[in-house]
Amino acid sequence: MKITETHSSTDLKTFLRLIDYRIARTREELEKAYYLVYKEYLKRGYTGETSSKIRVSIYNVIPQTTTFIAIVENEVIATATLIEDSPLGLPMDKIYHKELIQLRSNNKKLCEISMLASDTDLFKASTSIMLNSKKMFFIFCLFKLVFDYADNFLALDFICITIHPKHKLVYDFLSFKDLGNLKVYPQVNGAPAIAMYCDLKSTEGKHEK
C-alpha cells in the first residue's frame with residue numbers, strides 16, 4: 001500500500017497499523033535501510049551519486065552499531081542507526097569532539113543517532129497537515145524504540161545527534177538539548193549542522209507509549 005493524497009483516512013490508519021518497528025534482521029533489510037538513507041540524502045544534497053546506491057561508513061560494520069527500521073509489506077519506510085561510543089569514537093567527533101569530551105566525563109556512556117531517514121515519497125509535499133502528523137507519529141514510534149534500546153538494553157547515559165537547524169523544534173520536543181553551535185559538516189557535503197544531546201537518565205518515563 002502506498003500513501004497518496006487519494007487514500008482515505010481509513011486506508012491510512014490501516015497502513016499505520018501494519019508498520020513493524022524493530023532492529024533490522026537480515027542483510028536485505030540493512031541494504032534497504034542504507035538505500036533509503038542514500039536516496040533521501042541525495043534528494044537534499046547531503047551526498048553525491050554512487051554506483052552502490054547505499055550510504056554506509058566504517059561505523060556500520062562495528063559491533064557497537066545497531067540499525068532500526070520501520071517496515072511494512074517488506075519495504076523499509078524509515079530508519080535510524082544507533083552507534084555506541086567505542087575507541088573509534090562517534091561520527092560527530094569530527095566536528096564536535098570537544099563537546100563530546102565533556103559528556104564523556106565521569107565515565108558517562110554515549111551513543112549517536114545517525115543515518116536517520118524516512119521515505120518522503122510516501123508523503124508528498126502537497127499532502128495535508130493530517131498526513132504530515134501521521135508521518136511524525138511513525139517517526140516518533142521509531143525513536144521510542146531507539147530510546148528504549150539505548151536506555152534499557154545498553155544502559156547508556158546520553159544520546160547525541162547532529163541535525164540540520166531546520167529540524168531543531170522536533171528534537172526540542174523529544175527532550176534533546178543544545179550541545180554545540182552551528183558548524184559546517186563535511187560528511188554531508190558541507191550542510192549546516194548543530195549538535196544536540198538527550199540525557200536518558202533525566203527523561204525517564206517521558207517517552208513511554
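Analyst: The dialogue below goes from the overall fold to single side chains.

The model is predicted, so to speak of its sources: local features need pLDDT of at least 70, side-chain atom pairs count only at pLDDT 80 or more, and totals for chains, interfaces and linings use all residues. Residues are numbered from 1 along each chain as its sequence is written, and side-chain values use heavy atoms, with hydrogens and water left out.

User: How many helices and strands are in the chain?

Analyst: Helices (H or I, at least four residues) and strands (E, at least two) are DSSP runs, numbered from the N terminus. The chain has five helices and seven strands. Their order from the N terminus is α-β-α-β-β-α-β-α-β-α-β-β.

User: In what order do the strands stand in the sheet?

Analyst: Two strands pair if DSSP finds at least two bridges between them. Here an open sheet of seven strands, with mixed pairing, has the order S1-S2-S3-S4-S5-S7-S6. Strand S1 (20–23) and strand S6 (177–185) are at the edges with a single partner strand each, so one side of each has no neighbour in the sheet. On average, neighbouring strands are turned by 20° against each other, direction ignored.

User: Which helix packs on the sheet and touches S1, S2 and S3?

Analyst: Contact means heavy atoms within 4.5 Å. Axes are lines fitted to C-alpha atoms, for helices over the stretch in contact, and angles run from 0 to 180 degrees between N-to-C directions. Helix H2 (residues 27–44) touches S1, S2, S3 and strand S4 (110–118), and its direction makes about 95° with that of S3. Helix H3 (residues 93–104) lies across S4, strand S5 (158–163), S6 and strand S7 (191–199), and runs at about 160° to S6.

User: How is S2 paired, and are its residues buried or exposed?

Analyst: In a regular strand the side chains alternate between the two faces of the sheet. Buried means under 20% relative accessible area, exposed over 50%, and partly exposed in between (1.4 Å probe, protein chains only). In S2, eight of the eight residues are buried, so the strand is largely enclosed by the rest of the structure. Thr65, Thr67, Ile69 and Ile71 are on one side, with Thr66, Phe68, Ala70 and Val72 on the other, and both faces are covered.

As for pairing, S2 joins strand S3 (residues 75–84) through eight bridges in the antiparallel sense, and S1 and S2 are also antiparallel, over four bridges. Ile71 stands opposite Val76 in S3 and is the bridge partner of Asp20. The hairpin of S2 and S3 has two residues between the strands, and Glu73 in this hairpin takes a positive phi near 50°.

User: Which residues does Thr79 touch?

Analyst: Thr79 is located in strand S3 and is buried, at 0% relative accessible area. Not counting residues up to four places away in sequence, its contacts include Ala33, Leu36, Val37, Phe68 and Met115. The C-alpha atoms of Thr79 and Met115 are 7.3 Å apart, although the residues are 36 apart along the chain. The side chain of Thr79 also reaches the backbone oxygen of Phe68 at 2.9 Å.

User: How is a pair of aromatic rings described?

Analyst: A pair of aromatic rings is described by the distance of the centres and the angle of the planes. Rings of Phe, Tyr and Trp (its six-membered ring) pair if their centres lie within 6.5 Å; planes under 30 degrees apart count as stacked, over 60 as edge-to-face and the rest as tilted. A search of the whole structure finds nine aromatic pairs. One of them, Phe68 with Tyr149, is edge-to-face, at 5.3 Å centre to centre and 75° between the planes. Phe68 is in strand S2 (residues 65–72) and Tyr149 in helix H4 (residues 129–153), so this pair ties together parts 81 residues apart in sequence.

Definitions and conventions
A polar contact is a pair of N or O atoms within 3.5 Å; within protein, one must be able to donate a hydrogen and the other to accept it, and residues adjacent in sequence count only if both atoms are side-chain atoms.
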